[in-house]
Amino acid sequence: MKTMIFTAGAVAATAAVGGAAADPGSAWYRTLRKPRWQPPPPAYALVWTPLYVTIAYAGTRALTRARGRDRSQIARSLILDLALNAAWTPLFFRARRPRGALAEIACLDIANAMLIRQTWRADRTAALLLLPYAAWTVFA
């Protein structure tokens, strides 16, 4: 139960930071050149909500099944991953640093790969559940 509360709380904090910092209606954002295939702003909430739920579930599942050093590695990787996730939106929308945000998301993609790899050792189902999240951050 403690693991689930920790994981759900960390994921909820990440979502709250991202949600508070996002501003797709800003004049600055509207002037950016964006690819035609970019989803409309409302689609992001529809995608991120189940992704965050899945991250919390997969994280809880992996941490519950892992032992010793594997558990602490997964916990550190999850915290790093969520910190990078939370940092992207303020960097992009508030600091208005698209290039910095691009570099940051590359770091997030690496962190996702590390998290999936470490999770795989503890629980393959949890690792597979993280794949849509990793795919979305590569796409986004």
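**Salt bridges and the helices that carry them**

Author: Asp70 counts as partly exposed, because its relative accessibility is 30% (buried is under 20% relative accessible area, exposed over 50%, partly exposed in between, with a 1.4 Å probe and protein chains only). The model is predicted: local features need pLDDT of at least 70 and side-chain atom pairs count only at pLDDT 80 or more, while totals for chains, interfaces and linings use all residues. Residues are numbered from 1 along each chain as its sequence is written, and side-chain values use heavy atoms, with hydrogens and water left out.

The count of salt bridges is three, the criterion being a side-chain nitrogen of Lys or Arg within 4 Å of a carboxyl oxygen of Asp or Glu. Asp70 takes part in one of them: its side chain meets that of Arg121, at 3.9 Å from N to O. Asp70 belongs to helix H4 and Arg121 to helix H5, so this pair links parts of the chain 51 residues apart (helices are DSSP runs of H or I, at least four residues, numbered from the N terminus). Arg121 is partly exposed, with a relative accessible area of 45%.

Asp123 pairs with Arg61, and their side chains meet at 2.4 Å, N to O. Arg61 is in helix H3 and Asp123 in the loop between H5 and H6, so parts 62 residues apart in sequence are tied together. Both partners are buried: Arg61 has 17% relative accessibility, and Asp123 has 6%.

Asp123 also forms a salt bridge with Arg65, where the closest N and O atoms are 3.5 Å apart. Arg65 lies in H3 too, so this pair ties that helix to the loop between H5 and H6 across 58 residues of sequence. Arg65 counts as partly exposed because its relative accessibility is 43%.

Leu78 touches residues including Ile55, Gly59, Leu63 and Leu115, a contact being heavy atoms within 4.5 Å; residues up to four places away in sequence are not counted.

Definitions and conventions: Helix = DSSP H or I, 4+ residues; strand = E, 2+ residues; numbered from the N terminus.
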